[in-house]
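Here are my notes on this one, point by point. Have it open in your viewer while you read.

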Amino acid sequence: MSTDTRAAITIDRHSASGKDVRTTKSTAGDKVVGGVSHVVMVIWSLIVILPMLWTLIGSFKTTKEIFKSPFGLPANWNFDNYVSAWVDNNFGGMFLNTVIVVGVSLVLVMVLGAMCAYVLARFSLPGSKVIYYLMLAGLTFPVFLAIVPLFMILQNMQLLNTLAGLIVTYVAFALPFTVFFLFSFFKSLPYEIQEAAYVDGASEWRTFFQVMLPMAKPGMAAVAIMNFLGLWNQFLLPISLNADKDNYVLSQGMAAYASSAGYALDFGQMFAAVMITIIPVLIVYILFQRQLQGSVSQGTSK
Amino acid sequence: MSPRLGGRKLTFDFISFIAVFLLLPLAIFLIFVISPFVQALYYAMTNWTGFSPNMDFVGLDNYVRLFNDSTFKQAMLNNVVLALIVPLITIVIALVFASMITVGGPSHGQVRGLRGSSFYRVISFFPYVIPAIVIAILWSMIYAPTGLLNGALGALGIDTGQFAWLGDANTAMGATIFVIVWSMVGFYMILFIAAIKGIPAETLEAARIDGAGRFRTVTSILLPQMRDNVQTAYIYLGIMALDAFVYMAGLNSTGGPGNSTLVMSQYLFRTAFEKGQFGLATAMGVVLAVLTLLFAALIIGVFRLIGGKDEGGRA
């Protein structure tokens with residue numbers, strides 16, 4: 001849309017200052033609309049927050065206490081549920097697997113994605129349009145279409161049920177998004193600086209790593225956050241390609257634990273497992289809340 | 001003259017640079033993403049079981065089989081229902097919330113948002129970062145006979161008698177749709193707020209001076225300006241609903257009572273990895289992909305029709 005690129009005056013700034021130059025009194029209609037809006041938003045906030053609160057408090061309670069009163073506080077606060085989830089149900093091992101798989105994939109996809117986007121955006125090579133459209137196809141088609149052949153490819157490469165196999169598929173499927181986002185970013189960097197690096201005798205490699213990549217830091221950060229969340233939350237790839245219990249990642253471990261127990265589920269331990277899974281993403285969310293909402297907003301101007 | 005590529009001399013530096021920077025990521029992408037997509041088209045026309053290396057070419061038999069399979073048709077119908085309902089509800093709620101937050105303030109002076117809007121934004125966005133499988137498992141516990149929902153209703157004096165929300169064919173689908181909407185509203189609310197903020201303040205002021213109330217401002221100014229954003233949201237949400245695998249795996253991994261929440265992706269997964277009918281499962285994947293493309297084309301077409309009507313109204 002053409003209007004998206006115009007300079008926008010943020011509406012929020014005016015409400016944040018709180019002072020109205022023209023001190024007109026609010027009409028009755030204003031109060032009703034404002035009041036209704038607040039009531040609706042508060043109710044929605046409660047619908048979002050209460051399940052989370054139930055989980056957090058529940059993770060410290062025994063299952064008996066959870067059923068007795070949903071929001072009652074535990075008789076004694078302890079980490080029993082966490083210990084048994086972490087040790088007895090091996091969520092500790094899965095946590096480690098998840099950190100390894102997500103950590104390595106994230107570094108690889110950021111480096112490979114940035115390199116690929118840089119070449120596509122700044123060198124006019126024959127065939128780069130084709131590569132660009134292939135990436136678009138990779139982004140559009142459902143992963144389910146690929147899942148069976150992918151299973152066979154990994155099996156033939158002896159990578160099925162290994163962390164390495166999971167890492168390489170994570171990288172491959174996160175690559176299109178990474179390249180797309182960074183493509184427009186590298187495109188917008190000034191050409192003069194790249195030329196200056198060449199004139200100073202820098203090789204292509206050095207120009208990228210010492211000159212261009214540092215300039216792309218804001219874009220890299222935004223994509224890295226999105227990729228971290230996406231990879232940490234990945235579910236289909238691990239349950240199809242990683243059936244070895246020792247190599248389980250958290251998301252599939254949670255599902256396996258929940259379905260093995262059914263209605264006889266130990267709620268307290270399940271809550272502790274949920275907390276173990278979501279604490280890393282919550283930390284990332286709280287730390288990078290602004291950047292994250294910023295990159296969502298950026299998507300609207302495309 | 002020395003050989004050149006893309007306007008550059010073919011030095012060792014440049015060749016090694018292209019090999020590593022372009023060919024390495026491209027190779028990974030082609031092997032693990034593009035080649036499975038292409039192979040799928042072939043496997044879908046075989047009776048391959050995955051356990052033996054032998055397979056026969058059966059042409060379109062798998063598709064004929066699928067469309068005579070009442071369970072698959074039920075799953076496809078469930079997917080279609082999800083793809084029509086989930087985006088609609090999510091987008092309407094997200095639009096209402098986004099409008100409340102951005103233009104819900106007093107009607108005098110400048111167009112202003114609601115007080116405390118950043119608090120609502122941070123809270124609403126929250127479910128987006130939580131793994132979908134965790135959301136689904138958590139809600140399966142909330143819906144459980146002894147879960148939070150029955151407990152909360154009991155506290156309000158409504159005795160539900162330990163009703164199993166996901167265990168009854170009448171409520172299972174509704175309960176499932178609610179969970180998906182719950183997890184998606186915040187993200188699209190933020191997206192729409194960003195879109196509204198991209199509308200020039202002068203436009204809003206002009207509408208106000210012309211005497212437009214809040215409702216009129218939303219319907220006549222905001223919505224037409226946000227058509228592209230709503231269209232994108234519709235397509236993304238629809239694609240997500242045509243998959244829906246993660247939510248279903250956490251809420252009702254067996255497909256729900258009477259297959260009332262079974263979706264194609266679940267059936268595909270079961271056919272491939274439990275029954276080992278790889279050929280048939282891949283054919284389901286092709287059907288899913290075709291439906292996805294049809295859905296996207298349909299939405300783009302519908303929005304073009306709506307868009308054509310008042311194109312002149314766009315500045």
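1. Let's start with helix α10 of chain A, residues 204-215. This is a predicted model, and in it the 12 residues of α10(A) reach 16 Å from the first C-alpha to the last, close to the 16 Å expected at 1.5 Å a residue.

2. Which residues of α10(A) are buried? A:E204, A:T207 and A:F208 are. These three cover an arc of only 95 degrees around the axis, so they sit on the same side of α10(A). The face turned away from that buried side carries A:Q210 and A:P214, which are exposed.

3. As for what covers the buried residues of α10(A), the list includes α5 (91-122) and α9 (191-199) of chain A, along with α1 of chain B. Worth a look in the viewer, as the cover comes from both chains.

4. That brings us to the contact between the chains. Chain B puts in 95 residues and chain A puts in 90 residues. On the side of chain B that touches chain A, helix α1 (residues 12-43) gives the most, with 20 residues. By type, the residues on that side of chain B divide into 64 nonpolar, 24 polar and 7 charged.

5. Chain B has its own α10, residues 227-243, with 17 residues. From first C-alpha to last, α10(B) reaches 25 Å, close to the expected 24 Å. Here 12 of the 17 residues are buried, so α10(B) is largely enclosed by the rest of the structure. Among the buried ones are B:N229, B:Y234, B:M240 and B:D243. Just after α10(B), B:A244 takes a positive phi of about 55 degrees.

6. On domains, the assignment for chain A gives domain 1 (26-79) and domain 2 (89-265). The C-alpha centres of these two domains of chain A lie 36 Å apart.

7. Now for confidence. The model scores ipTM 0.86 and pTM 0.87. Chain A averages a pLDDT of 85, with 89% of the residues scoring at least 70. Over residues 1-23 of chain A, though, the pLDDT is below 50, and this stretch has 33 contacts in the model beyond near neighbours in sequence. Where pLDDT is low, the predicted coordinates should not be read in detail.

8. For chain B the mean pLDDT is 88, and 92% of its residues reach 70 or more. The stretch to flag there is residues 310-315 of chain B, with pLDDT below 50 and 4 contacts beyond near neighbours in sequence.

Definitions and conventions:
Residues numbered from 1 in each chain as written. Chains lettered and ligands numbered in written order. Predicted model: local features only at pLDDT ≥ 70, side-chain atom pairs only at ≥ 80, totals over all residues. pLDDT = per-residue confidence, 0-100. Contact = placed C-beta atoms within 7 Å. Helix = DSSP H or I, 4+ residues; strand = E, 2+ residues; numbered from the N terminus. Nonpolar A, V, L, I, M, F, W, Y, C, P; charged D, E, K, R; others polar. Domains from an automatic or database assignment. Expected span 1.5 Å × (residues − 1). Buried ≥ 20, exposed ≤ 12 C-beta atoms within 10 Å, placed from the backbone. Arc of directions from axis to C-beta.
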